[in-house]
Each structure stands twice: as C-alpha cells, then as structure tokens.
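Thanks for asking me to look this one over.

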Amino acid sequence: TRHLKTLILSNNDLGLKGVQFLLKNLPHDILSHLEISSVTCNQDRQFLELVARYLTQEGCVLAHLNLSKNSLTDDSIHDFARCLTSAASLTCLDLSENSGISTSGMERLLTALTQRESWMDVLDLTGCSVCQIDKCEAAKWNLGELRL
C-alpha cells in the first residue's frame, strides 16, 4: 500500500467495521483520492468519526474524498465539520445524495471552511436537502465551487 494514491471502494457493503479496518490501514501520508460512497448505512455518526480521525492525522495528504450516498445527516455533519479546519490537504469533498443533509448541515460546513487556512476547490451537496443560496459568496467561504 506504500504506492497507493487512489482507492475507489464505492458501492461495496463494507459496513462500519470494514470502514474502520480500511481507514486504520490506509497510508494517510500517500493516499490522495478516496471514494467510499454507498458503503454503510444507519451509522453515519460513527462512520464520520472514523473519517475525521483519518483526515486529521499528522501528515495526511488526502485531497479528494467522496462520501456520497451514505445516509449522512445534519447531526453527523455538524460534528464532522470541525475536522475540516485541520484537514488542510482536502480540496474536494463530495457529500452528494445524502438527503439527510439540510441547509443547517450545509451552513455548518461553510462556516468550518471559513476557518480553514487553505482553499477548498469543490464542495458537492447535489441531491441533499439544501435550499439554494447565493453561490457568488463562495469566496468568503474559502471555496471555489459549491454544487447544489
């Protein structure tokens, strides 16, 4: 795994234990692209705690993270948003097709982005339950593109 830069495991029934094993054993200092969409359900808070722990490891270089279609909710997103301030390498976060994420969750994510020292290129919330907002304000959130 020392040369692994991209890993796509989407649409596999990993469950929480599988995700835990995966994130514990992936090289955080090499992997730059991880897609784990549609891999778990009904355990969103624990799932995002594992992801947050991975992202906030010293030397983590993960730039692209796809967590779409994992039944994520505002409650779990509120906790997860805190890790974004210290996940400096993350430039693309795909949370699309998580209908449990509403405008409240989006606002929490955008607030966290304003506290980052680094820029995020894309935040994808397509298919979530968010209201339209003025995307022209994306620069104040340290964000290049907000997809709704």
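1. Contact here means heavy atoms within 4.5 Å. Helices (H or I, at least four residues) and strands (E, at least two) are DSSP runs, numbered from the N terminus. Buried means under 20% relative accessible area, exposed over 50%, and partly exposed in between, with a 1.4 Å probe and protein chains only. This is a predicted model, in which local features need pLDDT of at least 70 and side-chain atom pairs count only at pLDDT 80 or more, while totals for chains, interfaces and linings use all residues. Residues are numbered from 1 along each chain as its sequence is written, and side-chain values use heavy atoms, with hydrogens and water left out.

2. Let me start with α3 (74-81). Because 6 of its 8 residues are buried, α3 is largely enclosed by the rest of the structure. The buried ones are Asp 74, Ser 76, Ile 77, His 78, Phe 80 and Ala 81. Their cover includes α2, β4 and α4.

3. Next, the sheet. Its 6 strands are parallel and form an open sheet in the order β1-β2-β3-β4-β5-β6, where two strands pair if DSSP finds at least two bridges between them. β1 and β6 stand at the edges with a single partner strand each, so one side of each has no neighbour in the sheet. Direction ignored, neighbouring strands are turned by 5 degrees against each other on average. As a detail, 3 bridges join β2 (residues 33-35) to β3 (residues 64-66), and His 33 has His 64 as its bridge partner in β3.

4. How does α4 sit on this sheet? α4 touches β5 and β6, and its direction makes about 175 degrees with that of β5; axes are lines fitted to C-alpha atoms, for helices over the stretch in contact, and angles run from 0 to 180 degrees between N-to-C directions. α4 has 12 residues and reaches 17 Å from first C-alpha to last, close to the 16 Å expected, a span taken as 1.5 Å times one less than the number of residues. The buried residues of α4, among them Met 106, Leu 109 and Leu 113, pack against α3, β5 and β6.

5. On to the helix pair α1 and α2. Their axes come within 10 Å and cross at roughly 5 degrees. The two helices are therefore roughly parallel to each other; angles under 35 degrees count as roughly parallel, over 145 as roughly antiparallel, 65 to 115 as roughly perpendicular and the rest as oblique. Leu 16, Val 19, Gln 20 and Leu 23 in α1 meet Gln 46, Phe 47, Leu 50, Val 51 and Tyr 54 in α2.

6. A nonpolar core is a set of buried Ala, Val, Leu, Ile, Met, Phe, Trp, Tyr and Cys residues joined through side-chain atoms within 4.5 Å. The largest one has 45 residues, and those with the most contacts inside it include Phe 47, Phe 80 and Leu 123. α2 gives the most to this core, with 7 residues. Leu 123 touches residues including Leu 93, Leu 109 and Leu 143, not counting those up to four places away in sequence.

7. Asp 94 lies in strand β4 (residues 92-94) and counts as buried because its relative accessibility is 13%. Ser 10, in the loop between β1 (6-8) and α1 (15-25), counts as buried at 16% relative accessibility.
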